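Here is a short report on one chain.

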Amino acid sequence: MDGKDILRFVEWAFTGTDPELTKKVNSQWDELKQYDDNTLVRIMDSDPDHSRRRTAEQILKGRMERRRNL
């Protein structure tokens, strides 16, 4: 392990998260939030990436809850 890996490990140990993974998840979330409901349903049904399917599902559920509470 070089110094960079050790630093990332220490940060992960104290925060419980990997900064690169957090950045990837946030960018995926921002990307999918821009899509309309039909596109999110299509992603949920047919995207080969499980994380994209789950993120699309979470975004769509959040939108449905907000609409229900209006």
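## Asp37 and its partners

Asp37 lies in helix H3. This is a predicted model. Which residues does Asp37 contact, leaving aside its neighbours within four places in sequence? They are Leu60, Arg63 and Arg67. Ile59 is 22 residues away from Asp37 along the chain. The C-alpha atoms of Asp37 and Ile59 are separated by 9.1 Å.

Asp37 also forms a salt bridge with Arg63. The closest N and O atoms of this pair are 2.8 Å apart. Arg63 sits in helix H4 and Asp37 in helix H3, so the pair ties together parts that are 26 residues apart in sequence. The count of salt bridges comes to six.

## H3 against H4

Two packed helices are described by the angle between their axes and the distance between the axes. For H3 and H4, the angle is about 140°. Their axes are 8 Å apart. The crossing of H3 and H4 is left-handed.

On the H3 side, the contact involves Asp37, Leu40, Val41, Ile43 and Met44. On the H4 side, they meet Arg52, Arg53, Ala56, Glu57, Ile59, Leu60, Arg63 and Arg67. What kinds of residue make up the contact of H3 with H4? Seven are nonpolar and six are charged. No polar residues take part in the contact of H3 with H4.

## H2 against H4

H4 covers residues 50–69, and H2 covers residues 19–33. The axes of H2 and H4 come within 10 Å. They cross at roughly 55°. H2 and H4 are therefore oblique to each other. Their crossing is right-handed.

H2 brings Gln28, Trp29, Glu31, Leu32 and Lys33 to the contact. H4 brings Ser51, Arg52, Thr55, Ala56, Gln58, Ile59 and Arg63. How do the residues of the contact of H2 with H4 divide? Four are nonpolar, four are polar and four are charged.

## Confidence in the model

The mean pLDDT of the chain is 85. Of its residues, 86% reach 70 or more. Where in the chain is confidence lowest, and where is it highest? The lowest is in helix H1, residues 3–15, at a mean of 70. The highest is in helix H3, residues 37–46, at 96. Asp37 belongs to this helix H3.

Methods. Residues are numbered from 1 along each chain as its sequence is written. This is a predicted model: local features need pLDDT of at least 70, side-chain atom pairs count only at pLDDT 80 or more; totals for chains, interfaces and linings use all residues. Side-chain values use heavy atoms; hydrogens and water are left out. Axes are lines fitted to C-alpha atoms, for helices over the stretch in contact, and angles run from 0 to 180 degrees between N-to-C directions. Helices (H or I, at least four residues) and strands (E, at least two) are DSSP runs, numbered from the N terminus. Angles under 35 degrees count as roughly parallel, over 145 as roughly antiparallel, 65 to 115 as roughly perpendicular and the rest as oblique. A crossing is left-handed if the near helix is turned anticlockwise from the far one by less than a right angle, and right-handed if clockwise. Contact means heavy atoms within 4.5 Å. Ala, Val, Leu, Ile, Met, Phe, Trp, Tyr, Cys and Pro count as nonpolar, Asp, Glu, Lys and Arg as charged, and the others, Gly among them, as polar. pLDDT is the predictor's confidence in each residue, from 0 to 100. A salt bridge is a side-chain nitrogen of Lys or Arg within 4 Å of a carboxyl oxygen of Asp or Glu.
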